[in-house]
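Open the model in your viewer and keep the selection panel at hand.

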Amino acid sequence: MKKLLLTILGCFAFLSMTAQKLNAPAPYGALPTESQLRWQELEQYVLVHFTPTTFQNKEWGYGDADPKIFNPVKFDANQIVNAAKDGGFKGVIFVAKHHDGFCLWPTKTTTYNISASPFRNGKGDMVKEFELAAHKAGMKFGLYCSPWDRNNEEYGRPEYVETYRNQLRELYSNYGDLFITWFDGANGGDGYYGGKKEKRNIDRSTYYGWDTTWGISKKLQPGAVIFADNGDVRWVGNEQGFAAETSWATFTPEPTAGKLVAAPGETNSEKAPEGTRNGKFWKPAECDVPLRNGWFYHSNEDNHVKSVSELFEIYCKSVGRGAGMDIGLAPNTDGLLHPNDVKALKDFGDFLKQLFADNLAQSAVITASEIRGDNQIFFGTKNLTDNDRYSYWATNDEVKKAWLLLEWKKEQTFNIIRLRENIKLGQRIEKIEIDAFINGIWKKVGEATSIGANRLVRLPNYVTTTKMRVLIKESPVCIALSDIGVFREPEQLPLPKIKRDKDGNVSITTETTVNQIRYTIDGTEPTIQSPVYQGIFSFLSSGDIKAKSFGTDMKAGETVIQSFNICKKDWKVVTATFENEEKEKASNTIDENPETFWSTAENTSLTPLPQYVVIDMGQEIEIAALSYLPRQNGAGGMVKNYQWEVSTDGTTWKTAAEGEFANIKSNPTEQNIILRTPTKARYIKFIGKTTIEGNYLSVAELGVKTTK
C-alpha cells in the first residue's frame, strides 16, 4: 500500500511538472548554450600575463628575447590564484603564449619555449602549475594562446597556421577541462620572425581559417566558450572594463569596412559595448581591464593598482550589466603578485562579501500585479529570493507590463537593487523603474534598460523606506524574472581628487564634505600624523602625491595616488612640424590638461610621418623617464612607433629612447619610458614615426621625470 501511494504521488508530481512546462512562457530571441549559461554564472575571472616581456619591462614583446632571461625564482601559481580567489574571482585564464611567441609549456611545435629557460632547470611547465593551482582553489581554468607570433619565422605563411593549430591541440588536450578558450584580435605587424626583423601583414579575416581553428576548441573542449571579437563571448570593445548602460547579450557581428567576414581583429567593435537588440546570436560581453595600467608588470606602477572604488565601478558596469568581469593580473620578475596587488584583490573581495551578505529582499513581503496562471508554486514571487537563477516569477502571455511591491515591517536603508531574468528564456525586459515610498508618496529613485543575466541598479543616494516597487515598463513579451536583491553598499569615505595646474599649484578636493584630507609628497602612506590639506600648495618636481579622507572618528578611506612629471611652468614649444601653423597649437602638449591635445590632421598632405615637436624645458635637468599621453577622445594620430631625442643646446641631438607603444589604442594610458641611463638635457624632441590611425600625429601631454 505504501509503495502504491508513493507511485501515485510520483505520478502527480510528474504531471504537475509537465503541466508547468507546458504552461511556461515561450523563449524569446537568441538563447544561451549550456556552456554560455555556466560562463554567465561565473561573472568574475582573471587573466594572467607573464612572459620574458615581464623581464624586459615591455608591454608587448618583440619576439627576440633570450629565453635565458626568464627565470622567476620565487614563482608560485598558488599565491597568484589564491589572491584572485580572495578577490571573489571564480576563474583563471593563463596566457600560455603571448604575441612574443614564447610558449610557457614544453611544446613540440617550437624550441622557443619554457624548456629553453633556466626555470625549473628547463623542466618546467607553467601552464600545468596554473591548472593545478586553479583546481586546488576550486576555480575554473582557461587558456589564451595568441594567434600572432612575433618570433616564428613562418608567421604569415600557411605553415605557421598549422603550427598554431598544433599548439592549440596540445593545450586543449593536456590541461584538463577548460571553461574558456581565449583569442585576441591583435594579429600581424612588425616582429623578430626568426631574425628577419620585418613587418608582416596578414588578412586577419581569412589567414587563420577560423572555422577550422575554432573547430579544435569545439572538439577538444566542448564545454568551453570561445572568447573573441565575434566568439561565443564577445569583446566589449574597450579595455576600460565598461559595458554600455544598455547592454544586450544578443549580438550580430559585422565585419570592419572592406571585409566580408567578421573575425578577431576584423569585427566592428563600435556596437560591441551595447550589443544588438534582437541580434542573431547569444554573445554576451566580456569586460577585460588590467588591475594596473598595463597587462604586464612594471615596477613604476607598484603604487598604481586599482582601488576598491575603481574595481567596484568596473564590477557595476560589467557584471552589473550582464557581462563578465575579466581583471588582468601581472606577476613580477620573482613570479609573484606584488603585495599591493594582493591587498587590492583581498580588499575588493571583502567589500563584495560585506555588500552581498544581507539581501534585504528576503525579509520583505513581495506581491506582484500578476502571476502566470495564478500558479504561486511555479511562477510566484517566492522564486525571486530562492537563490536559483532559473526559477522565476512570470506573467501571462498578454501581460508585458507589471509591477512588484516589496514591503518591510520596519525601515530599510539601501542603494543597490539587483535584478535577473531567467535567460534560458532569452533577454526580454527593455525598461524598468524603481520607486520608493518616501514621506507618504511614491518617488522614482532609479531606472534601467536591459536586464538579462544580471543587472545592478546603483542608486545615486541611499534610500530609507518601508516600501519599494519595481515597475516593468517595456517588454516585447511576458515577464520571466528570476531574482530580486536589495542591498546596502558599505559606506566609504569619498576619494580625494588631486590636480595640478601648469604653474605647479596642487589642489585636493572631494565630491562630498569630509572631516579631513591628509596627504604626503614623499611616497609614504598618509596617516593621522601626515599634513592636513588646508589649501593649494606648490609641487614642482616629479613624483607621487598620496591623499586619504578621514572621518570624524579618524577612520581613513582609501589611498589615492597621483603621479606627476616635473612641472612645466617654464616650458615652451620651440618648433614643431609645419612650424608657424602648429607651434601655437602644439602648446596643448604641455598645458597639464589631458583633455586638450595637438593634432596635425589638417596638414597631412604637406608633410608625411614622421612628425615631431621640440620643447625647451627652460633649464638643464637630469632626465630619468619620458612620457607620452595619447589623446583621450579617439585613436586618430595615436603614436605607435616613437623616438625621443634630447639636447643641451637645441642644436646637437642624441637619441634617448625609441620603440613601440604596444596596445595603445585599446589602452590609451600614459606611456612611461624609463631610460636605461639618466641623461642631462634642456631640450626634448618627441617624434611620432608611425601612428595607429591616419597619417598624422596627435599628443595630449608630454612629460619628464627626474632622478630625484
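A salt bridge here is a side-chain nitrogen of Lys or Arg within 4 Å of a carboxyl oxygen of Asp or Glu. The model is predicted, so local features need pLDDT of at least 70 and side-chain atom pairs count only at pLDDT 80 or more, while totals for chains, interfaces and linings use all residues. Residues are numbered from 1 along each chain as its sequence is written, and side-chain values use heavy atoms, with hydrogens and water left out.

**Salt bridges**

Select Glu-254 and Lys-271: their side chains form a salt bridge, with N to O at 3.2 Å. The pair links distant parts of the chain, 17 residues apart, and both residues sit in the loop between strand S9 (250-251) and strand S10 (281-282). Strands are DSSP runs of E, at least two residues long, numbered from the N terminus. Glu-254 is partly exposed at 32% relative accessibility, and Lys-271 is partly exposed at 43%. The classes are buried under 20% relative accessible area, exposed over 50% and partly exposed in between, using a 1.4 Å probe and protein chains only.

Next, select Arg-488 and Glu-491, whose closest N and O atoms are 3.0 Å apart in a salt bridge. Glu-491 is exposed at 56%, whereas Arg-488 is partly exposed at 41%.

Then go to Glu-670 and Lys-705, a salt bridge with its closest N and O atoms 4.0 Å apart. Glu-670 is in the loop between strand S30 (654-660) and strand S31 (671-691), and Lys-705 is in strand S33 (residues 701-706), 35 residues away. Glu-670 is partly exposed, with a relative accessible area of 31%.

**An open sheet**

Show S20, S21 and S23, which form an open antiparallel sheet in the order S20-S21-S23. S20 (497-500) and S23 (537-538) are at the edges with a single partner strand each, so one side of each has no neighbour in the sheet. Two strands pair if DSSP finds at least two bridges between them; S21 (residues 505-509) and S23 have two. Pick Asn-505 to find its bridge partner in S23, Ser-538.

**Cavities**

How many cavities of 30 Å³ or more does a search of the whole structure find? There are two. A cavity is a set of points on a 1 Å grid over the protein atoms alone where a 1.4 Å probe fits but cannot get out; lining residues have an atom within 4 Å of a point. Grid points are joined across faces, edges and corners, and a volume is the space filled by probe spheres set on the points.

The largest cavity holds about 60 Å³. Of its 14 lining residues, select Ser-247, Trp-248, Ala-249, Arg-321 and Gly-322, which lie nearest its centre.

Conventions
Helix = DSSP H or I, 4+ residues; strand = E, 2+ residues; numbered from the N terminus. 1 Å grid on protein atoms, 1.4 Å probe; cavity = no way out; pocket = protein on both sides within 12 Å on 5 of 7 lines; lining within 4 Å.
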